[in-house]
Amino acid sequence: MKICLLTHTFPKFEGDTSAPFMAGVAEGIALAGNEVFVLTPLDSSNQGFKALKNLVGGSGARVVNPTMGMVMRFDLMQLDIVHPSKEFLTQNLSNYTASADGNVLGFYSTQKDPNHFSIVAILSYLNFDALLTGDIVPAVSDEVTQNLTQIRSRELEYIKMPHHGSKNG
């Protein structure tokens with residue numbers, strides 16, 4: 001089974017010239033034969049994301065919008081979702097309800113920076129554990145750190161730092 005984890009959508013920046021590049025990336029991701037796409041339900045007006053929606057929508061792949069506490073297993077790999085929570089999505093996405101089916105591709109909108117909705121997950125493979133942070137903002141980073149100390153007993157071998165942790169991010 002092939003899985004694609006897209007940790008966050010891409011906002012549309014004024015003067016953004018990345019649309020052709022992002023559309024090419026989207027096509028490559030969609031045509032790689034992925035059977036499952038794991039991504040936030042947040043929509044984006046970015047042309048590359050629109051291209052991804054069209055390609056994935058026509059591919060027959062299953063779409064999963066994960067929330068905190070969800071565990072997904074794929075052969076020897078496991079994803080434990082740390083963020084976002086259903087409560088966070090309910091409070092910050094227009095028309096979202098905690099009972100949403102969790103299988104939409106870019107449906108909801110928000111007034112918040114899309115990086116608030118980055119998927120944070122622990123990827124485990126045998127004895128290797130990695131924390132994937134997307135592009136979370138500092139406020140979300142603090143919340144994730146607090147949640148990890150409460151739910152996690154194993155050490156992490158790898159942490160993907162969000163670019164917002166850098167001086168130039």
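View A. D43 counts as partly exposed, at 31% relative accessibility; here buried means under 20% relative accessible area, exposed over 50%, and partly exposed in between (1.4 Å probe, protein chains only). K53 is also partly exposed, at 24% relative accessibility. The side chains of D43 and K53 meet in a salt bridge with an N to O distance of 3.3 Å (a side-chain nitrogen of Lys or Arg within 4 Å of a carboxyl oxygen of Asp or Glu). Because D43 sits in the loop between strand 2 and helix 2, and K53 in helix 2, the pair ties together parts that are 10 residues apart in sequence. Helices (H or I, at least four residues) and strands (E, at least two) are DSSP runs, numbered from the N terminus. A note on the model: it is predicted, so local features need pLDDT of at least 70 and side-chain atom pairs count only at pLDDT 80 or more, while totals for chains, interfaces and linings use all residues. Residues are numbered from 1 along each chain as its sequence is written, and side-chain values use heavy atoms, leaving out hydrogens and water.

**View B. The salt bridge at K160.** K160 forms a salt bridge with D135, and their closest N and O atoms are 3.8 Å apart. This pair links distant parts of the chain, with K160 in strand 8 and D135 in the loop between strand 7 (128-132) and helix 4, 25 residues apart. K160 is partly exposed, with a relative accessible area of 27%, whereas D135 is buried, at 11%. A search of the whole structure finds 2 salt bridges.

**View C. The two faces of helix 2.** Helix 2 spans residues 47-57, and its buried residues include G48, F49, A51, L52 and V56. They lie on the same side of helix 2 because they cover an arc of only 155° around the axis, taken from the directions from the helix axis to the C-beta atoms. On the face turned away from the buried side, look for the exposed residues N54 and G57.

View D. Three strands make an open sheet in the order 1-2-3, with parallel pairing; two strands pair if DSSP finds at least two bridges between them. Strand 1 (3-6) and strand 3 (62-64) are the edge strands, each pairing on one side only. Strand 2 (residues 36-39) is joined to strand 3 by 3 bridges, and V36 has R62 as its bridge partner in strand 3.

**View E. The loop holding E155.** E155 lies in the loop between helix 4 (138-151) and strand 8 (158-160). E155 is exposed, with a relative accessible area of 66%.
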